[in-house]
Amino acid sequence: MSELKKLPRHVAIIMDGNGRWAKAHALAVAQGHRRGTETLRAIIRESSDIGIEALSLYAFSTENWKRSAAEVNALMSLLLEYFTGEIDELDENNVRIRILGDKDGLPGPQRDALIAAERRTAENTGLKLNIAINYGARDEILRAAKALARRAKDGTLDPDSLTAADFENELYTRGLPDVDLLIRTSGEMRLSNFLLYQCAYAEMTFPTVLWPDFSLDDYHAALRAFGARDRRFGGRNG
Ligand code: IPE
Ligand code: IPE
Ligand code: MG
């Protein structure tokens, strides 16, 4: 990727289209999700290789519990399989894993595997890999508001001196830079409750390719598109 002059520090991806991919191949939806994890593996490796600082992937939303028990179970099994199968390689590649979302709402084995992955990689200094599981931005913002309200109530925080940094410290993404580039595959053009606060000035791309078919070429195209954008943040460039 030597032609990439201006890399985003923080890339967020809404990995969408597994269901449509499965349908198009006359396969069960779980097979679509399984194929999706292969894309995930390739994109994580590439992000690490080209020196992306932070990569945030939307794997399961607070709204995805609405799906059938069979699909939710398949996703949860895949999650466990992924984390137990990949953790050695991720750790060897110096990847630091953080889970965005409410781990307490997950089944015990999944919760334990995620906590173990976070602990094991906590001192790693390479790619900051954030996986959003049981994540919803509204839930995240509400939790932050509650945490700050509690501190105001017990007298450890003065509401009048509350700063944006204080608020950001209560988000799952504390310490990470804002999202620079958001990619959503499958052609849908919405955020679906992903990183609403952190995407305030994100550049967005919506490739129509379904997530299981999202290739390194597609990823590079999104990164190149980012490099060509004129980011103004409300000001003027030249
Ligand atoms: C995204 O693929 C993965 C998850 C939401 C877990 P979908 O399952 O939403 O795929 P489509 O949108 O039905 O094609
Ligand atoms: C967003 O995709 C969630 C993930 C990719 C994990 P959805 O497929 O759940 O979103 P909607 O329902 O199309 O908005
Ligand atoms: Mg979808």
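**Helix packing and pockets in a predicted model**

Guide: In this predicted model, α1 (18-24), α2, β2 (54-61), α3 and β4 (128-135) each give at least two residues to the lining of the largest pocket, helices (H or I, at least four residues) and strands (E, at least two) being DSSP runs numbered from the N terminus. Local features need pLDDT of at least 70, and side-chain atom pairs count only at pLDDT 80 or more, while totals for chains, interfaces and linings use all residues. Residues are numbered from 1 along each chain as its sequence is written.

Visitor: What makes α2 roughly parallel to α3?

Guide: Helix α2 (residues 29-50) and helix α3 (residues 69-92) pack at an angle of about 25 degrees, with axes 10 Å apart. Because angles under 35 degrees count as roughly parallel, over 145 as roughly antiparallel, 65 to 115 as roughly perpendicular and the rest as oblique, α2 is roughly parallel to α3.

Visitor: Which residues of α2 and α3 meet?

Guide: On the α2 side they include V29, A30, H33 and R34, and on the α3 side E71, A74, L75 and L78, contact meaning heavy atoms within 4.5 Å.

Visitor: Which element supplies the largest share of the lining of the largest pocket?

Guide: Helix α3 does, with six residues; the pocket holds about 680 Å³ of space, and among its 30 lining residues M15, N18, Y58, A59 and F60 lie nearest its centre. A pocket is an open set of points on a 1 Å grid, where a 1.4 Å probe fits, with protein on both sides within 12 Å along at least five of seven lines, and lining residues have an atom within 4 Å of a point.

Definitions and conventions: Chains lettered and ligands numbered in written order. Heavy atoms only, no water. Axes fitted to C-alpha atoms, helices over the stretch in contact; angles between N-to-C directions. Points joined across faces, edges and corners; volume = space filled by probe spheres on them.
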